[in-house]
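Let's take a walk through this structure together.

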Amino acid sequence: MTIRALFSAISFAEIAKALKLTFRHMRVKEVTLQYPREKLTLPDTHRGALGLLCYEDGVERCVGCDLCEAACPSHCIKVVSGERQENGMLRRIATEFYIDMTKCVFCGFCVEACPVNALGMTKLYEYSTPNKRSLIFDKPKLYEVGEKYHGEAKAYLVAHNQEKADEQASRYRYRFPSFTKSNDVPVL
Amino acid sequence: MGEPVIDHYADDVEVTPEKSPRRVEDMLLNMGPQHPATHGVLRIVLDLEGEIIVKATPHLGYLHRGVEKLAEDATYTQIIPLTDRLDYICAMTNNYAFVRAVEKLLQITIPQRAEYIRTIVSEMQRLSGHLFWLGTQALDIGAMTVFFYTFREREVLLDLFELLCGARLTVSYFRVGGVDRDMTDEVIDRLYKFLETFPEKIDEYNTLLETNRIWVARTKGVAFISGKDAINFGLTGPVLRASGVHYDVRKAQPYGVYDKVEWEVPLGKNGDTYDRYWIRIEEMRQSAKIIKQCLDQIPKGAIAADLPMITYPPRERVMTDMESLIHHFMIATRGFEVPEGEVYSSIEAPKGELGFYIVSQGGNKPHRCRIRPPSFINMGAFDHMARGYMIADIVTIFGTYDIVMGECDR
Ligand code: SF4
Ligand code: SF4
C-alpha cells in the first residue's frame with residue numbers, strides 16, 4: 001500500500017468528496033413535485049383515458065364501424081351498431097359502446113384505427129374508484145369524458161397526425177349520403 | 001459462557017452429528033418471492049453452510065403471463081403492446097426486436113429517418129435502463145443517494161418518451177414498417193440539452209461510487225465469471241463484456257444505423273460486479289455519443305414505409321381516397337398477411353441479446369413466437385456465480401445481471 005493510498009484510507013477522502021457533492025445538491029433546485037398539490041403538465045401526446053367526440057354541431061362522430069374493437073389488443077371495446085334517422089338521413093351509429101378501462105392498456109391503437117377520429121385520448125388519469133364496475137365506461141360516460149376534455153382529445157388527435165388543426169378538420173368529416181331506408185337508392 | 005463451540009471447519013475435529021453437542025447441518029433458506037431486492041418476484045432457495053452459499057436454486061415463473069402463447073392469438077400489430085411488458089423498464093428495445101423480426105420475415109426495408117429514430121430511442125432506452133440498474137444496484141447495496149440522482153436523469157428521458165409517443169414505460173412506439181410518430185423539433189432540442197449535461201451527471205455518480213470503500217468492497221470480486229464460462233452459459237450483454245468477451249450484436253450484426261456512427265464496445269477484464277458497473281457507465285457514455293451523432297445526421301423524410309397492405313395510409317388519404325380507406329379497414333380489422341417462413345432476429349437490448357423467433361404459416365398471426373430473453377439465459381449462470389460467496393452478497397449477485405423478472409418469466 002502506497003503512502004498515498006494509506007493516507008486516503010485513513011482520511012476517508014472519497015467519503016468527504018462524495019459528501020461535498022451531496023451537500024452541494026442542497027442548493028440545487030428540487031425536481032420532485034408534491035403530487036396531489038402540484039401536478040405535471042402533460043404533453044398533448046399523453047395517452048390517458050378515452051373519450052368519444054362529437055363534431056362542432058353536436059353530431060356524434062362515431063359511425064359504429066367496429067374498427068376500434070377489432071384493433072384493440074386487449075379486447076376491451078364492445079360496439080353494438082345500428083341505424084338511426086337523422087335530418088332525413090339514415091345514418092349508422094353505435095347504439096351501445098363499452099370500453100373496459102380496467103383492461104385498457106392505453107396503447108392508442110383504437111384511436112389510430114378509427115376512420116372518423118371519433119375516439120380521442122385525454123389527459124385524464126385520476127379516475128380511481130372503489131366501485132370497479134364504474135370503470136366500464138359506457139356510451140354516455142364516454143361522451144361525457146369526450147365533451148369535458150374535448151380540447152385535450154382534439155390536441156391528441158392533432159399531435160398524433162390523426163387530424164389537422166381546426167380549419168382543415170372539416171375535411172375529415174364523413175358525410176352520409178341521404179338515404180332514407182337502408183335499401184333505398186341514394187338521392188343525389 | 002456455556003458450552004464450547006465446535007469449529008467443524010478445523011481439520012482436527014471430527015464432527016459427527018451424534019457426538020456433536022450442537023446440531024450441524026446445511027441450512028435451506030428461502031429468499032423471496034416477495035423480497036424488496038428481487039426486482040420482481042423471484043424465489044431463490046439457498047443452501048447455506050454457515051454464511052457461505054453452497055448452492056443457489058432460482059425458482060422462476062412467478063411473473064409468467066404466457067406472452068408467447070398470447071402472441072399466437074394476436075395479429076402482428078397487437079403483439080407490440082405485449083412486448084412492452086416483457087422487460088418493462090426497456091420497452092423500446094423490446095418493440096424494436098419484435099418489429100425487426102417481422103420486417104425480416106416480410107422482407108421490407110424502412111425509411112432512413114425511421115431507422116435513425118429507432119436507433120435514437122433504443123439508445124435512450126439503454127441510458128434509462130442502465131441508470132435504473134445503477135440506481136437500484138447501489139440502493140440494494142446500501143447507497144441511497146445514487147438512486148435519487150440516476151432517477152432524476154431517467155425521469156428526463158421518460159418525459160421525452162412521453163412527449164414523443166404519449167407513454168413513459170409501455171411505449172408501443174414501434175410499428176411494423178416504421179414508427180408511430182415523428183420526432184418533433186421539440187424532442188430533438190430537449191434531447192440535445194439533456195446530452196450536454198449528461199456526461200457531468202455520470203461523473204457525479206462516479207464521484208459517489210467509484211472509490212467508495214463500501215461499494216468497492218461489496219462489488220470487487222463478487223459474482224465473478226470467467227470469459228470462457230460466460231460464453232458456455234450463453235451470457236450476453238454487459239455481463240459477458242465485463243468478462244472481456246467482445247460480443248455486441250450492434251457490432252457483430254449491425255442493424256439500425258449503428259454502422260454509420262462511431263462508437264466503441266467497452267470491455268472489462270475481471271468479470272466481477274465492479275467491472276460490470278464500469279461497463280455500464282462506459283456504455284452510457286457511448287450511447288450518449290451515438291445519440292448525438294444520430295441527431296446530427298438524421299435526415300428528413302417519411303417515418304413509415306409506404307406499404308398499403310402493411311402500414312396505415314396517411315390520414316388525408318384515408319379521408320379522400322376510397323382505396324386507402326379500404327386498406328385502412330383491412331389493416332385495422334385483419335392486420336396484414338405475413339408469408340410462410342421462420343425467422344430469428346435479435347438486437348442488443350440493455351440486458352443482452354434479445355431475440356425473437358417467429359414461425360409463420362401465412363396469415364395474420366404468428367404460428368409460434370419464441371422470445372429469447374437475456375435475463376432468462378443469464379439466470380442460468382446464477383448458481384455458478386453465487387457458489388462460495390457470503391449470503392450478504394446474494395443481492396449483489398442477482399442485481400449484477402440487471403435482471404427484470406417480467407422478461408425472465410415472460
Ligand atoms: S387504448 Fe388500446 S387497449 Fe385501450 S381501448 Fe384502445 S386499443 Fe384497446
Ligand atoms: S369509435 Fe371509430 S372505430 Fe370505433 S366504432 Fe366508432 S367510428 Fe368505428
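**Ligands, contact and hairpin**

By class, the shell around ligand 2 has 12 nonpolar, 1 polar and 1 charged residues (Ala, Val, Leu, Ile, Met, Phe, Trp, Tyr, Cys and Pro count as nonpolar, Asp, Glu, Lys and Arg as charged, and the others, Gly among them, as polar). Before going on, note that this is a predicted model, where local features need pLDDT of at least 70, side-chain atom pairs count only at pLDDT 80 or more, and totals for chains, interfaces and linings use all residues. Residues are numbered from 1 along each chain as its sequence is written, while chains are lettered from A and ligands numbered from 1 in the order in which they are written.

Around ligand 2 there are 14 residues, and A:Cys62, A:Cys65, A:Leu67, A:Cys68 and A:Cys114 come nearest (a residue is near if its C-beta atom, placed from the backbone, lies within 6 Å). Ligand 1 has 15 residues around it, with A:Cys72, A:Cys104, A:Cys107, A:Phe109 and A:Cys110 nearest. Its shell holds 13 nonpolar, 2 polar and no charged residues.

Now to the contact between the chains: 27 residues come from chain A and 28 residues from chain B (C-beta atoms, placed from the backbone, within 7 Å). On the side of chain A that touches chain B, α2(A) gives the largest share, 5 residues (helices are DSSP runs of H or I, at least four residues, and strands of E, at least two, numbered from the N terminus).

In chain B, strands β2 (residues 43-49) and β3 (residues 52-59) pair in the antiparallel sense over 7 bridges (pairing needs at least two DSSP bridges). Here B:Leu48 stands opposite B:Ile53. The hairpin has 2 residues between its strands, and B:Gly50 takes a positive phi near 65°.

Key: Contact = placed C-beta atoms within 7 Å.
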